[in-house]
Every structure is written in C-alpha cells, then in structure tokens.
Amino acid sequence: DIFFVTGRYESEKLATIQNLDEQGFKGWNDIFFKPQQPNQNNASLENYKVSARKILAQKGYTILATVGDQDSDLKGGYALKTFKLPNPFYKAV
C-alpha cells in the first residue's frame, strides 16, 4: 500500500491529486494533508508528519520506507528505512 504525507494543506487536495495523476502515480491508498494552522513552524510540521506515520503504524501497517526532500519527511521514526532526495528549491546549489 502507498500513502503520501504532504506539507500541503487540505485546500490543495484536488490540485495535488491531479498532479499525482498527471505524473503517473496510480493505485495509492491515501494522502495526509497538514492541518490549516497559521504560523506553523518546522517543529510542528515534523510532529504532524510523525503523527501521520504513527496512525498508519497503529492501523497495522509496517512502513518499509519513507522518501522525502525535507528532514521533516524522515525524522521521528515509524519507518524501517529513510531516503532523502535532493531538492535545489530548498538549498542553494
């Protein structure tokens, strides 16, 4: 099963699903969107992503791998393996 945990808000759901479809991502199970909170910092973003993975683990899923381009995608456990992808939009190249 495939799940996405995104830093996008629920208000971006339709655009996100359309983008995934256009990029060829098919057969995924669900997407977790971050809560609409003003002034959200990186610590709370990390907590939200960890919480989403915890929910999956509590439902009986074993998360084999988590892949992302931000530290918040990887920290906090609940995954057997993590993979950090480079993203020039976040750091100067």
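Here are legends for a set of close-up views of one predicted model.

**View 1. The whole chain, from one end to the other.**
Let's start with the overall layout. The protein chain has 2 helices and 4 strands, and if you follow the sequence along, they come in the order β-α-β-α-β-β. There are 93 residues in the chain, and 22% of them are buried. Now look at contacts with a separation of 6 or more: 44% of them join residues 24 or more positions apart.

Are K49 and D73 buried or exposed? Both of these residues are buried. As a bit of background, side chains of opposite charge can pair when their charged atoms come close.

**View 2. D71 and K84, from loop to strand.**
Here the side chains of D71 and K84 meet in a salt bridge, with 3.0 Å from N to O. D71 is in the loop between β3 and β4 and K84 is in strand β4, so the pair ties together parts that are 13 residues apart in sequence.

**View 3. E10 and K13, another salt bridge.**
Zoom in on E10 and you'll find K13 as its salt-bridge partner. The closest N and O atoms of the two are 3.8 Å apart. E10 has a relative accessibility of 46%, so it counts as partly exposed. K13 is partly exposed as well, with a relative accessible area of 35%.

**View 4. Inside the largest pocket.**
Rolling a probe the size of a water molecule over the atoms shows where empty space is left. In this model, the largest pocket holds about 1,100 Å³ of space. It is lined by 36 residues, and the closest to its centre are F3, F4, V5, T6 and V67.

**View 5. Who lines that pocket?**
Which element gives the most to the lining of the largest pocket? That would be β1, which puts in 6 residues. At least two lining residues come from each of β1 (3-9), α1 (13-22), β2 (30-34), α2 and β3. Sort the lining by class and you get 18 nonpolar residues, 10 polar ones and 8 charged ones.

**View 6. Y78 and its backbone angle.**
Most residues other than glycine have a negative phi, and most peptide bonds are trans. Y78 has a positive phi, near 70 degrees, in a residue other than glycine. Y78 is partly exposed, with 36% relative accessible area.

Methods: Residues numbered from 1 in each chain as written. Predicted model: local features only at pLDDT ≥ 70, side-chain atom pairs only at ≥ 80, totals over all residues. Heavy atoms only, no water. Buried < 20%, exposed > 50% of the residue type's maximum accessible area, 1.4 Å probe, protein only. Contact = heavy atoms within 4.5 Å. Salt bridge = Lys/Arg side-chain N within 4 Å of Asp/Glu carboxyl O. 1 Å grid on protein atoms, 1.4 Å probe; cavity = no way out; pocket = protein on both sides within 12 Å on 5 of 7 lines; lining within 4 Å. Points joined across faces, edges and corners; volume = space filled by probe spheres on them. Nonpolar A, V, L, I, M, F, W, Y, C, P; charged D, E, K, R; others polar.
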